[in-house]
Amino acid sequence: MNKKIKTDAVDKLIDAILCIQTKEEGYNFFEDLCTVNELLSLSQRFEVATMLREHKTYMEIAEKTGASTATISRVNRSLNYGSDGDDLVFERLSQKSATDENVHHRAHL
């Protein structure tokens with residue numbers, strides 16, 4: 001973990017995010033905390049990370065997300081040389097998606 005970000009303020013922010021239980025609560029929290037541009041920037045970076053993990057090209061990513069190649073490069077560097085927190089989150093999202101699909105499939109049987 002990057003020691004520069006390990007602060008009491010960041011700890012409190014992460015604790016607050018972990019308290020969010022629904023998408024609606026998430027929207028409300030981030031709408032109150034962030035500007036629209038800040039939230040859109042974070043979501044764009046997450047979309048870039050997702051597409052990089054899917055081995056999309058920088059050109060494909062730039063066209064779909066509107067991100068600059070500089071932003072794509074920074075996200076790519078973070079994915080390759082970061083603390084692997086993204087791996088855990090993407091794995092959990094994949095598991096959640098599979099579970100949601102099974103529940104949805106069973107509901108239509």
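Let me start with one residue. Leaving aside residues up to four places away in sequence, Asp86 touches Arg53 and Leu79. Asp86 sits in helix α6. Its relative accessibility is 17%, and the limit for buried is under 20%, so Asp86 counts as buried. Please keep in mind throughout that this is a predicted model.

Now the chain as a whole. The protein chain has six helices and zero strands. Along the sequence the pattern therefore reads α-α-α-α-α-α. The C-alpha atoms fill a box of roughly 50 × 35 × 25 Å along the principal axes. There are 109 residues in the protein chain, and 15% of them count as buried. Taking the contacts with a separation of 6 or more, 35% are between residues 24 or more positions apart.

Next, helix α5, which covers residues 69-81.

Which residues of α5 are buried? They are Thr71, Ile72, Val75 and Leu79. These residues lie on the same side of α5, because they cover an arc of only 100° around the axis. There is a general point behind this. An α-helix has 3.6 residues a turn, so residues three or four places apart point the same way. On the other side of α5, the exposed residues are Thr69, Asn80 and Tyr81.

A word on Tyr81, which is found in α5. Tyr81 has a relative accessible area of 70%, and exposed means over 50%, so Tyr81 is exposed. Tyr81 and Leu13 are 68 residues apart along the chain, and their C-alpha atoms are separated by 23 Å.

Not counting residues up to four places away in sequence, Ile72 touches Val48, Leu52, Tyr58, Ile61, Ala62 and Ala67. Ile72 is also a member of the largest nonpolar core, which has eleven residues. The members are Val48, Ala49, Met51, Leu52, Ile61, Ala62, Ala67, Ile72, Val75, Leu79 and Phe90. Two or more residues of this core come from each of α3 (36-53), α4 (58-65) and α5. The largest share, four residues, comes from α3.

That brings us to α4. Ile61, Ala62 and Thr65 are the buried residues of this helix. Why do they count as one side of α4? Their arc around the axis is only 100°, which puts them on the same side. On the other side of α4, Met59, Glu63 and Lys64 are exposed. The cover over the buried residues of α4 includes α3 and α5. After α4 comes Gly66, with a positive phi near 80°.

On the subject of phi, here is some background. Most residues other than glycine have a negative phi. His55 is not a glycine, yet its phi is positive, about 65°. His55 lies in the loop between α3 and α4, and with a relative accessible area of 71% His55 is exposed. Asp84 is not a glycine either, and has a positive phi of about 65°. Asp84 is in the loop between α5 and α6. Is Asp84 buried, exposed or partly exposed? At a relative accessible area of 44%, Asp84 is partly exposed.

Last, the open space. The largest pocket has a volume of about 2,400 Å³. It is lined by 39 residues, of which Ile17, Phe30, Leu42, Phe46 and Val89 are the closest to its centre. The elements that give two or more residues to this lining are α1 (8-18), α2 (23-33), α3, α5 and α6 (85-107). Which helix gives the largest share of the lining? It is α6, with eight residues.

To close, back to where we began. Asp86, in α6, has Arg53 and Leu79 among its contacts. Leu79 is one of the buried residues of α5 and a member of the largest nonpolar core. The helix that holds Asp86 also gives the largest share of the lining of the largest pocket. Thank you.

Notes. Residues numbered from 1 in each chain as written. Predicted model: local features only at pLDDT ≥ 70, side-chain atom pairs only at ≥ 80, totals over all residues. Heavy atoms only, no water. Expected span 1.5 Å × (residues − 1). Buried < 20%, exposed > 50% of the residue type's maximum accessible area, 1.4 Å probe, protein only. Arc of directions from axis to C-beta. Core = buried A, V, L, I, M, F, W, Y, C linked by side-chain atoms within 4.5 Å. Contact = heavy atoms within 4.5 Å. 1 Å grid on protein atoms, 1.4 Å probe; cavity = no way out; pocket = protein on both sides within 12 Å on 5 of 7 lines; lining within 4 Å. Points joined across faces, edges and corners; volume = space filled by probe spheres on them.
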